[in-house]
Amino acid sequence: MATASEGHVSEEKFCKLLPKVELHAHLNGSISNETMTKLLARKAHLPQDQQPDTQALQQWTDKVEKGKDVNLVSFQMFKLNHQIVDDTEAVAMVAKDVVREFAEDGVRYLELRSTPRDVPQTGMTKRSYIETVLKAIQQCQEEGVDIIVRFILAIDRRNSLEAAAETIQLAEEYRAKSGGIVVGVDLSGDPMVGDARQFIPLLQQARNAGLRLALHIAERCHQGVESLALLNIPTDRIGHGTFLHRVEGSQELVAATELHNIPLELCQTANHISKSVPSYDQHHFKYWYDKGHPCVFCTDDKGVFHTTLSKEYHLAMMTFDLSRKQLWQLSERSIDFIFADDDVKQTLRKHWTNERSKLQL
Ligand code: 5GP
């Protein structure tokens, strides 16, 4: 196997060896095929009418891998994944596998996000869900998996204001209890549903309590008004931001993004497969990168979209003709935008410095 110090590695290998920061990864969207096989085996004893819809899983794989025109959207896949990951044992398996897989891909710092869920039939509560993820992170650390992990609690915009308030309250509580592993709050869920402005007072409360905000903003073209309000909270990072510069009122949206210097979490494969960008070369990375605005490559849902963070870097390299040095700079600059404290940033910067010479940059 080639090592970093061997120098003449392929571009794919370079992207894998590059130390990376992953800031936008949804837990239940990040389930690999291997983990999915184990999860389905746990359901094999169920009667036929209670079995997960494996046909839909196969159809989705055909759509993603073979480009078949299957009438399924990613939000249907998340629903299916939630049916499969319905107890704490499954959550623990998913969380540990996801952390290990990111580490194997050369990710040295990961912010995992997930929506706490309760499933009365299995006894899983939102608290046991959060505690299971935190324990999985701790176990990976004890096993010496070479990655630093932080956790972001997600609000699903399809759910009620009461559910969002509960998530914020849990985030505040576990931020204190987890010794700083819980670092922030995400707002996600189907962007075609509801108006996110209703959550703003709660998000402000979270920010005042020291939690950082990573909000999905302007994923679809109808979200201009809502997006401006979310930007001006201000949010600490933007998930996707696909239509910020392409909607009515975009001047104001771009100005607010620049005024607060809010980094964008960019997920090329996810945006392409979910058809929010027409082609890879029209991905909004170019618009923001050319302005010198902070951009961080991320996977979004590495399982659902069959990607890895290395692939996302390689894709950007090929699509936008970026050099190895430019990829390095993007990766190293990502450290500035993590939600962990300055000590973690220092540790990561030292690690990046050590790795740089090995990559002959
Ligand atoms: P979980 O929160 O269960 O760990 O991860 C799956 C959930 O993340 C989905 O149900 C959805 O709420 C959210 N999610 C995953 N990918 C996306 C995305 O691209 N956009 C939005 N808005 N939400 C997403």
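**Helices, rings and a ligand site in a predicted model**

Ala 136 touches Ala 92, Ala 95 and Lys 96, leaving aside residues up to four places away in sequence; a contact here means heavy atoms within 4.5 Å. The model is predicted, so local features need a pLDDT of at least 70 and side-chain atom pairs count only at pLDDT 80 or more, while totals for chains, interfaces and linings use all residues. Residues are numbered from 1 along each chain as its sequence is written, and side-chain values use heavy atoms, with hydrogens and water left out.

Ala 136 itself lies in helix α6 (residues 126-142). Helices (H or I, at least four residues) and strands (E, at least two) are DSSP runs, numbered from the N terminus. With a relative accessible area of 1%, Ala 136 is buried. The term buried stands for under 20% relative accessible area, exposed for over 50%, and partly exposed for what falls in between, with a 1.4 Å probe and protein chains only. Ala 136 and Arg 158 are 22 residues apart in sequence, and their C-alpha atoms are 27 Å apart in space.

Which residues are the closest to the ligand? Of the 18 residues that surround the ligand, the closest are His 82, Ser 114, Thr 115, Gly 189 and Glu 219; to be near, a residue needs one of its heavy atoms within 4 Å of the molecule or strand in question. The side chain of Ser 114 has an N or O atom 2.6 Å from an oxygen atom of the ligand, and for the side chain of His 26 the corresponding distance to a ligand oxygen is 3.0 Å. A polar contact is a pair of N or O atoms within 3.5 Å; within protein, one must be able to donate a hydrogen and the other to accept it, and residues adjacent in sequence count only if both atoms are side-chain atoms.

Glu 219 sits in the loop between β5 (212-217) and α9. Its relative accessibility is 15%, so Glu 219 counts as buried. Glu 219 touches Gly 189, Pro 191, His 240, Thr 242, Phe 243 and Ser 276, again not counting residues up to four places away in sequence. The C-alpha atoms of Glu 219 and Met 192 are separated by 9.3 Å, although the two residues are 27 apart along the chain.

At 1.5 Å a residue, the 13 residues of α3 (residues 54-66) should span 18 Å, and the end C-alpha atoms are 17 Å apart, which agrees; the expected span is 1.5 Å times one less than the number of residues. The buried residues of α3 are Ala 56, Leu 57, Trp 60, Thr 61, Asp 62, Lys 63 and Val 64. Their cover includes α2 (33-41), α4 (74-84) and α11 (268-273). Just after α3, Gly 67 takes a positive phi of about 65°.

Aromatic rings come next. Rings of Phe, Tyr and Trp (its six-membered ring) pair if their centres lie within 6.5 Å; planes under 30 degrees apart count as stacked, over 60 as edge-to-face and the rest as tilted. By this rule the count comes to 7 aromatic pairs. Phe 285 and Tyr 289 form a stacked pair, 4.8 Å centre to centre with 25° between the planes. Why are Phe 285 and Tyr 289 separated by about one helical turn? The reason is that they are 4 residues apart in helix α12 (residues 285-290). Phe 285 is buried at a relative accessible area of 0%, whereas Tyr 289, at 23%, counts as partly exposed. The rings of Phe 285 and Phe 297 have centres 4.9 Å apart and planes at 45°, so this pair is tilted. Because Phe 285 lies in α12 and Phe 297 in strand β8 (residues 295-297), the pair ties together parts that are 12 residues apart in sequence. One aromatic cluster is formed by Phe 285, Tyr 289, Phe 297, Tyr 313 and Phe 320.

A cis peptide bond, with omega about 0°, joins Ile 233 and Pro 234, and Pro 234 is in the loop between α9 (224-231) and β6 (237-240). Lys 275, in the loop between α11 and α12, has a positive phi of about 60° although it is not a glycine. At 61% relative accessibility, Lys 275 counts as exposed.
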